[in-house]
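Dear colleague,

Please find the structure below for your review. My notes on it follow directly after.

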Amino acid sequence: MEFLLAIITGLLYAAGLYMMMRRSLVKLILGLIIIGNGANLLIFLLGRITKGSPPIIGEHEKLLSDIYADPVPQALILTAIVISFGLQSFAIILVKRAYKVVKTDDLDKMKATDEEV
Amino acid sequence: MLIAILAGILFSILLLFIGKWVKTKLQLLPALLPLGLFIYFAQFFPAIAAGEVIEQHYNWVSSFGVNLSFRLDGLAFLFTLLITGIGFLVFLYTSAYLKNNDYLDRFYGYLSIFMAAMLGLVLSDNIMSLFLFWELTSISSFFLIGFNNKSEASRKSALWALGITGIGGLLLLAGAVILGIVADTYTISEMVNQKALIASSPLYILIAIFIFGAAFTKSAQFPFHFWLPGAMKAPTPVSTYLHSATMVKAGVYLLFRLTPVLGDNTFWNTTLMLFGGITMLYAAIHTIFRKDLKGILAYSTISALGILVFLIGLGTKEALLAAAVFILVHALYKATLFLVTGTIDLSTGTRDVSVLAGLKKIMLPVAIAGFLAALSNAGIPSSIGFIGKDLIYEGTLQLPNNVVLLTSLAVITNIFISYAGYLVGVKPFLGKLPERFEMTKTPEIRLWLPPVILASLGIVFGFVPSLIQDSLIKPILSSVAIDASDIHLKIWHGFTPVLALSVTTIVGGLLLYFLLKPTDKLVSFSNKLEVVSPKSIIEKLISLFETFSGWWTRVFQNGYLRNYVSVIIFVAVILMAYRLLQDTSYVIDYSSFSKLTVYEVVVLVIMVGAIFFTIFAKSRLAAVAASGVIGYAICLLFVFYSAPDLAMTQFAIDTLTVILFVLVLYRLPKYLVLSDYKQRIRDGILACSFGGLISVLALEVLAQPVNEEISKFYAENAYILAHGKNVVNVILVDFRGTDTMVEISVLAIAAIGVFALLKLRLRGHEREQK
């Protein structure tokens, strides 16, 4: 399973990058979302994956024992997901706004800083 | 001593407050500063003459070996007297020269800072603080050259001077650091003891090259000399003070100071002789192609600096003695000639030597100063110049080899220099006064007294050399570790070859003066040769560099986001691939991996499908939906692999993102394929290779053992310390609570941004477009 996950992480990166290199702003944001997912998955995978034992301390115990999923990467990813949402929502609204002003979502046409775009 | 050095800087700060009065009533006040300093340093006269060395030490950045250690020895003493003494006369002169200038206070400020820097430079025993003051002199020189900042030529010259001497400063820093490492000390007086160690170090050549670079740029040696004639755009007091008497000698000072550390070495001696020799001859010949008084003086100054470097290069006791005397000689007569030029310029409004004549009727004292300086400059007996010139010839005559070549080189140079002196000090005052100058007013006392004082000193020392022999000259040689007890400065040596050479020089100079008249023809002739001068060559190099960097910027900073991404990814791929190819085991231990189950495979297949669908979808809505599917698939993976919190968060966020996207979608233009086929193939290959590398990287990491120390800490303490059972939540809100709070603030800022963008009212032109 880890092998397949490694492959799919690479695939997510590749897809994200490919989308980021397109000219459309919407694709750029989609690419960012995908590459973000890829990064999350990479961290998750490298923290080693464990089935069926979430890092939650049992009813009558005081500490985690036996086998448990590593809580540290999970905490990192949780933060990353939330932050990336902040970025994405801002970017999406910005695209909308930019389109209203410059009437295009083609990045190449947004290069000029002058008003006549 | 520290206060004395910093006095100039403190005074310039004070000028901020009292500037207005300095411009009007208190014009003479600034001159008291160098006068006071001169008196302070002159107190050390008996001590220095007795061979003492005065030292003061303040700890500064001791951990780096950088301290404020000051050391007043013979060499430093001569320079401090020149700096403060000529400084006083220049300050005095300035008060009349720039009488009605609106920025007189600013000028004094720069001049005081310069004086402080120069004093610090010559007194520093720590090579790092020497560097610091060295740079400060360059900077204050920049402001002084560009003082007339409304003139473009001035600003340009200032920039040139700063550029050239600034590069020199960096070289000095490099040289100083290496020297400090090799000698294991930054204190110059301690380096002298490490001479053998430094000379045997493989870094010796490098140190010498860096020090040469610093000295040659500062002291205007060929091919870096051209900033000095440019610096003549500065007001004349500046040219007098910085660009003839003191600052340009800093390079010579450095070489002199380091002679006992780096000298007595073939590389050191030949390089200095070569560069000094070329400079002195090149610049001396240049003087006949100039008719601007300051231009003539600039080139004769370069030539004199060349002589000094040449003499230090010879390195013998006689040559160093000649250099020591010549520093003083040159400062006295050249400063006089500059001040004379300034007075002529101010009174008549021209510096063109071909029209100036007969001015002695109007300004007799100035004429006397000019005559006396020209005498000293030409080395006519009874002037200190005669002694200086004699010593130079003695220095070259006593060399073991190449005597004829080097001596004739010195004679030719001196002939041209004495010609330049006659031209500036004598020619403007003799002959018939042209009509246009008849109405010229006699200059006031402050404009002629300083040059007269300087010129007379040259004659006084010439008649009574014993005045300076023990107090000034001998200690200089002692400070570069040479026994000077048997030195006698004499006016009359008897009929020796040296005398013959002196006579040749004087006669040669006079012949040139009577035969050669500065004309426009000569000036335009030299202008034609400008094309191959070092200045034009460097200018061409600079414009080539500008073209290159323009091209570089256009190629790499082209404003296309995808190009930036491609370049970054491309470089990352190359670097990572190189590393991975070198030591990757490619052994995958499947046994350590968990087994595949059907539902996992189904999720992965859905995910792969969604990824491809996102990329190739023809409609935007479909692409967004597919990216949502990717998110949900990852969410399921989190569920499988024991991360319930992640799954919940991912689910919520993914849903929100898709909704947000769909909400704004209908406003956007058509979803088009904008790039061509080739471009997409290229990007595809790049993206795939990067993705592939990530996969390999992940597998490589998985093959390494995992460190669980941190996880273990949280697993054991989550309940005991923080009383929470969900360890991930405890980490976020308790152990790393501050981080989480900052994260929430980021979200809040993003939310404000979103809100602002949504509510932003369109202004004029935007509304029209709408």
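In what follows, helix axes are lines fitted to C-alpha atoms over the stretch in contact, and angles between N-to-C directions run from 0 to 180 degrees. Helices (H or I, at least four residues) and strands (E, at least two) are DSSP runs, numbered from the N terminus.

This is a predicted model, in which local features need pLDDT of at least 70 and side-chain atom pairs count only at pLDDT 80 or more, while totals for chains, interfaces and linings use all residues. Residues are numbered from 1 along each chain as its sequence is written, and chains are lettered from A and ligands numbered from 1 in the order in which they are written.

Confidence

The model scores ipTM 0.91 and pTM 0.73. Within chain B, helix H10 (residues 204–218) has the highest confidence, at 93, and helix H33 (residues 764–769) the lowest, at a mean of 52. Where pLDDT is low, the predicted coordinates should not be read in detail.

Annotated spans of chain A

An unreviewed UniProt entry annotates residues 6–21, 28–46 and 75–95 of chain A as "transmembrane region". UniProt positions are given in the numbering used here, feature names are shortened, and annotations may be inferred rather than shown by experiment. Residues 6–21 of chain A are 94% helix and 0% strand, with end C-alpha atoms 23 Å apart. For residues 75–95 of chain A the span is 100% helix and 0% strand, and the end C-alpha atoms lie 30 Å apart.

The interface

Contact here requires C-beta atoms, placed from the backbone, within 7 Å. On that basis, 77 residues of chain A and 85 residues of chain B take part. On the side of chain A that touches chain B, the elements giving two or more residues are helix H1 (2–20), helix H2 (25–46) and H3. The largest share, 23 residues, comes from H3(A). By class, this side of chain A has 49 nonpolar, 13 polar and 15 charged residues; Ala, Val, Leu, Ile, Met, Phe, Trp, Tyr, Cys and Pro count as nonpolar, Asp, Glu, Lys and Arg as charged, and the others, Gly among them, as polar.

H3(A) and helix H32 (residues 737–759) of chain B pack at an angle of about 15°, with their axes 9 Å apart. They are therefore roughly parallel to each other (angles under 35 degrees; over 145 is roughly antiparallel, 65 to 115 roughly perpendicular and the rest oblique). The crossing of H3(A) and H32(B) is left-handed, meaning that the near helix is turned anticlockwise from the far one by less than a right angle, with clockwise giving right-handed. Residues in this contact include Gly86(A) and Phe90(A) of H3(A), and Ala750(B) and Gly753(B) of H32(B). They divide into 11 nonpolar, 4 polar and 2 charged.

Helix H3 (residues 71–102) of chain A also packs with helix H31 (residues 727–735) of chain B, at about 55° and with the axes 9 Å apart. H3(A) and H31(B) are therefore oblique to each other, and their crossing is right-handed. Here Pro71(A), Gln74(A), Ala75(A) and Leu78(A) meet Val727(B), Val728(B), Ile731(B) and Leu732(B).

Backbone geometry

Most residues other than glycine have a negative phi, and most peptide bonds are trans. Arg48(A), in the loop between H2 and H3 of chain A, has a positive phi near 70°. The peptide bond from Phe222(B) to Pro223(B) is cis, with omega near 0°.

Yours sincerely

Key: pLDDT = per-residue confidence, 0-100. Contact = placed C-beta atoms within 7 Å.
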